Amino acid sequence: MLTGAGISAESGVPTFREAQSGLWSKYDPMELATPDAFLRDPELVWRWYRWRRELVAEANPNPGHVALAELASLVPRLTLVTQNVDSLHQRAGSKDVIEFHGNIFEDRCFVEGCVVDCDAEASVPVCPGCGSKVRPGVVWFGEAIPEHALNQSFAAAQECDMFLSIGTSSLVYPAAGLAEVAKDAGASVAEINPNPTGLASMFDYAIADKAGSALPAIVEAL
Ligand code: BV8
């Protein structure tokens, strides 16, 4: 299965494409979540991520996250791939979560790519090893998906019997391609989203409901 920002919406985390609140409402996340934006104005990008980190740190997993953690013990095999960077699946008890787009709480050296411990209060932290700028450990637009996450996710999509696409607009690739790979490999594919997405015609089933309602109902029915 693949989850997107919609599964965290009921935890109070704004979805990626919803208008951002307050100061950030004049910025387009698509513009900020890029290496160019970071190189152009690292202080601005760090202010955005720190605002999101605080917002996510105060959020709690919702019944949708909890239901997916429970679902893992009710089926023979479950692979959870998330586009989200908020750690809410892990905090709900899900194990072996594949973070397709990284994690907002990680700090990485911009040059070496390694995870670093650095001065979290500096306006732009620097790598203790090489002195380069440090960036949040997420995957930006134009950047490759971590190879392990990419390979594991597409292998699971190839092998699964059922693919659930939950709370994603299916606009961002290669993540959105997972459902297509599963379908082509013969899996049944279902979408859980209050709003139809661009891939809706491809899905065998569409549950037009919130993840926080639909997923507990599915677990209850099993
Ligand atoms: C790459 C981390 C190549 C940062 C994010 C074709 C193939 C490959 C690439 C491309 C391609 N076409 C275009 C591209 C380039 C690009 C892309 O996809 N662009 C799009 C916009 C056209 N892709 C990339 O750049 C990717 N990299 O391809 O690299 C490469 C290869 C080798 C070497 C070098 C390069 C990298 C993309 C990763 C970008 N990073 N996030 C951060 O978070 O700051 S993506 C970002 O969008 C978030 O991760 C988010 O999760 C993701 C997807 O958005 P959604 O999760 O779907 O959120 P959204 O707001 O859109 O929708 C929410 C949905 O929830 C809605 O449908 C709503 O109805 C629903 N909802 C609301 N409430 C609920 C709900 N559902 C259920 N319950 C509710 N209660």
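Guide: The account below begins at the ligand and then turns to the helices and the loops.

This is a predicted model, in which local features need pLDDT of at least 70 and side-chain atom pairs count only at pLDDT 80 or more, while totals for chains, interfaces and linings use all residues. Residues are numbered from 1 along each chain as its sequence is written, and side-chain values use heavy atoms, with hydrogens and water left out.

The ligand is surrounded by 34 residues, a residue being counted if one of its heavy atoms lies within 4 Å of the molecule. The closest are Arg17, Tyr49, Arg52, Thr168 and Ser169. Arg52 places a polar side-chain atom 2.6 Å from an oxygen atom of the ligand. The backbone takes part as well: a polar backbone atom of Glu143 lies 2.7 Å from a nitrogen atom of the ligand, and one of Ala211 lies 2.9 Å from a nitrogen atom of the ligand.

Ala211 also belongs to the contact between helices α5 and α9. Helices here are DSSP runs (H or I, at least four residues) and strands likewise (E, at least two), numbered from the N terminus. Helix α5 (residues 63–71) packs against helix α9 (residues 211–221) at about 25°, with the axes 7 Å apart; axes are lines fitted to C-alpha atoms over the stretch in contact, and angles run from 0 to 180 degrees between N-to-C directions. The two helices are therefore roughly parallel, the term for angles under 35 degrees. Their crossing is left-handed, meaning that the near helix is turned anticlockwise from the far one by less than a right angle. On the α5 side, the contact (heavy atoms within 4.5 Å) is made by Pro63, Gly64, Ala67, Leu68, Glu70 and Leu71. From α9 come Ala211, Gly212, Leu215, Pro216 and Val219.

A second pair consists of helix α7 (residues 147–159) and helix α8 (residues 177–184), whose axes come within 7 Å and cross at roughly 35°. This crossing is right-handed. Ser153, Phe154, Ala157 and Gln158 of α7 meet Gly177, Leu178, Val181 and Ala182 of α8.

The loop between β6 (162–166) and α8 contains Pro174, which is joined to Tyr173 by a cis peptide bond with omega of about 0°. Another backbone detail concerns Ser87, in the loop between β2 (81–82) and α6 (88–91): although not a glycine, Ser87 has a positive phi of about 65°.

Key: Angles under 35 degrees count as roughly parallel, over 145 as roughly antiparallel, 65 to 115 as roughly perpendicular and the rest as oblique. A polar contact is a pair of N or O atoms within 3.5 Å; within protein, one must be able to donate a hydrogen and the other to accept it, and residues adjacent in sequence count only if both atoms are side-chain atoms.
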